[in-house]
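Dear colleague,

I am handing over a structure to you with this message, and below it I set out what was found on going through it. Please have the sequence and the model open beside you as you read.

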Amino acid sequence: MSGLSVADATVQYPGSPPVLAVDGVDLTVREGEIVGLLGPSGCGKSSFLSAIVGTVPLTRGRVVWDGVDLTRTPVHRRGFGMVFQDGQLFPHRSVAGNIAFGLEMAKVPRAERSARVAELLEVVGLDGYGDRAVTELSGGQRQRVALARSLAPRPRLLALDEPLSALDAELRARLAREVRDILVAAGTTALVVTHDPAEAASMAHRVIRMRDGRLL
Amino acid sequence: MRAARLHHPLSWWALAALPLAFLGLFFLWPLGTVLARGLTDAGVDLAGMIEILTSPRTADAVVTTLLLATAGTVGSVVIGVPAAYALYRLRWRGQATVRALAVVPFVLPTIVVASAFTALFGRSGGLGFLGLDQSMVGIVLALVFYNVAVVLRVVGGAWAALDPAPTEAARTLGADPRRAFLHVTLPALAPAIGSAAAVVFLFCATSFGVVLVLGGTRINTIETEIYLQVAQFLDLRAAAVLSILQLLFVGIALAVAAWARRRRDRSSTMRRVDGTRLATRGDAGAIAVILVVLALLVSAPLVALVERSLRTTDGHGVDHYVALFGQPGRAVLPVPVWAAAVNSLAAATVAAAVATGLGLIVASLLMRRTGRSAILDSVVMLPLGVSAVIVGLGMLLTLNRSVLGVDLRGSWWLVPMAQAVIALPLVVRTLVPSARAIPAPMRDAASTLGASPWQVWRLVDWPLLRRPFGLALGFAFAISLGEFGATTFVARPDQPTLPTAIYRLLGRPGIENVGMAFAAAVVLALMTASVMMVSERMRTTVGSDL
């Protein structure tokens, strides 16, 4: 089947006693679908997302894309993008340098790279911001750059971990709709983690809920 | 939650093997040899050990070490605390310059400080009539000269951030300024003062070059006694036994320092505010007194050093500087001083490259706090708790035979390796906070964009560590350039470094030789100070702008 399929995903953090953050979760996401993952903080939704992307190892279970098992594939070869809660922009690179990072990793030729960067700057509404230092940007602008950066290499799945939670309420509502439009326009398959039901509803085609490491 | 993707334990240990092998060969093995040599003499020999420990020479050295360290600490605190008030609590024009000048002594090599005080108190020195040459008082003044900067930095920082409200509250409750200070301000500063005092005590107790030069033949501490047992009496056993004694001494001082620092950390959770205030007309007198004391303490020896380096038999001139390029008498020094300087530069270059290269590996491995990173951290910090003299003695005892088929005996490479061992802990302490300030999710972000672990290091970690790396490189170079304690054991007599050449020249009679020593000390001071100034410009706070 095409799209993401996760089976029996389990994440346990070492410690005494060990913490069971994700407890045998199954999930499928069709290609082009935007799924919202909603739950209170500490319910394991971020751990689940990180395990799918590969930044946290699965204790048990499988992550499969288009029938190919990616469970043992390292993060940088999975082709999954991620937007982090507080952007995590590279402070030593300009706005354009941040957006181009993934393209450089994919060895995209220079001309094509700058065309793609310009295109994405337009998509996120930051035309002409390419040469700015990321430290000069406002919180909303940073998250737009973070979104553009993760979209640039055309990931087959985009994971968004509370992408708007660091912003104020008004900006959040506006950006939530914008992000959804951008994702839909690009046909990106996406998984959005949030604790805000309204945000989940406005961004996702389908919303699932999580509590205590399990889907409800 | 931290990414566990990076570094399988096996590859982590494989990378850690390099710094561990270096420390094992050039530090742990030599240290173990010193311990074994001290405890045994063809079988466990505690009687021989006790005999050395109870000899009048040893007792004398212990008493002198304690006396000097105590007096040096008290002197540094007595001058440093009021100076911290004037330079950090109060605000006035020109303060930044005075602060910068006041910490200059701390970055000077010990041999330069020793030369400067010899220039001041020696028989032909400006204050020679005081008869302080080769006296306890002269040594204590040199130790204070050195360590006031430590008290200034630690206590000044605490005082500048101290909330003035409690003191004002005490005043409204009827306390006069003196009582308010004694009962409110001083107790609040006590942890910082205690912590600074513990560090200064440690520095004073392990001071080698200053005591060796200024103490002459009469005043010996444990450190100089270790050296004399090796260099003059060729008694390696006694040196090893004294080293064990010194290790215990330093261990106790370090434990006290750690305890004081924990108390300071706990008390610094109190409100930190900007407690500085603009100096008023009424403060002028106090500031003036502090300035005069600091000026006398800091500038008198340095001025004396420069003056003596320029003083010739008939007036003043650059004769001694010219002589640095000539060949001194064979019995004085086998090579011209410029050759020793070149040797120092070469050794310091190698030492700085080794220390920062290994330091960068260690810092990369310590980014994530885990059980194994704590082990590596403490092993790498060990040389801090062992005086340079013992590092040098250990290398002398151990590497006088071939190792793995390589004959290191009398090798030129021992000098830079000893200096790298001394510099490594400081390099690591400079790099690790910056490395840990890089957020783990930022590396994850790079991975999700397709960067391999090596690319993450090259494109994210390294650009953010480049400036602290430059700072560490400069520190390591400056430390190696001025290193005396360990170098003096492993440098070959026919290949002296600049500090060992200065020491040799100081000990030879004749105005030409002493004048050359002073000129060489000025050159060494300028070299070290300029390296420190360039590298300080690299200082930055990574992550503060994120």
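This is a predicted model: local features need pLDDT of at least 70, side-chain atom pairs count only at pLDDT 80 or more; totals for chains, interfaces and linings use all residues.

Residues are numbered from 1 along each chain as its sequence is written, chains are lettered from A and ligands numbered from 1 in the order in which they are written, and side-chain values use heavy atoms, with hydrogens and water left out.

The bridge of A:L4 belongs to the pairing of strand β1 (residues 4-13) with strand β4 (residues 60-65) of chain A, which is antiparallel and runs over five bridges; helices (H or I, at least four residues) and strands (E, at least two) are DSSP runs, numbered from the N terminus, and two strands pair if DSSP finds at least two bridges between them. In this pairing A:S5 stands opposite A:V64 in β4(A). A:V64 also has a bridge partner in β5(A), namely A:D69, and β4(A) and β5(A) pair in the antiparallel sense over two bridges. These two strands form a hairpin with two residues between them, and A:D66 in the turn has a positive phi of about 50 degrees.

Taken as a whole, this is an open sheet of four strands in the order β2-β1-β4-β5 (chain A), with antiparallel pairing. Its edge strands are β2 (19-29) and β5 (68-69) of chain A, each of which pairs on one side only. Helix α1 (residues 45-53) of chain A packs on the sheet, touching β1, β2 and β4 of chain A, and its direction makes about 120 degrees with that of β1(A); contact means heavy atoms within 4.5 Å, and axes are lines fitted to C-alpha atoms, for helices over the stretch in contact, with angles running from 0 to 180 degrees between N-to-C directions. In the loop between β1 and β2 of chain A lies A:P17, which is joined to A:S16 by a cis peptide bond with omega of about 0 degrees.

Chain A also holds an open sheet of six strands, with the order β6-β7-β8-β3-β9-β10 and mixed pairing. Because β6 (80-83) and β10 (214-215) of chain A stand at the edges with a single partner strand each, one side of each is left without a neighbour in the sheet. α4(A) packs on this sheet, touching β6 and β7 of chain A, and its direction makes about 175 degrees with that of β6(A). Within the sheet, strand β3 (residues 34-38) and strand β9 (residues 206-211) of chain A run parallel and are joined by four bridges, and A:G36 stands opposite A:V207 in β9(A). A:R154, in the loop between α4 (139-151) and β7 (157-161) of chain A, has a phi near 50 degrees, a positive value in a residue other than glycine.

Chain A is divided into domain 1 (1-79 + 155-216) and domain 2 (88-149), with bounds that come from an automatic or database domain assignment. Their centres, taken over C-alpha atoms, are separated by 23 Å, and ten residues of domain 1 of chain A are in contact with seven residues of domain 2 of chain A. The area buried between them is about 640 Å², of which carbon and sulfur atoms give 71%; buried area is the accessible area (1.4 Å probe) that two parts lose on being put together, summed over both. A:L167, A:L175 and A:I182 supply 51% of the area that domain 1 of chain A buries against domain 2 of chain A, more than any other three residues.

Chain B is likewise divided, into domain 1 (8-37 + 318-546) and domain 2 (55-278), and the C-alpha centres of these domains of chain B lie 24 Å apart. The contact takes 27 residues from domain 1 of chain B and 28 residues from domain 2 of chain B. Together the two domains of chain B bury about 2400 Å² between them, 81% of it on carbon and sulfur atoms.

With kind regards
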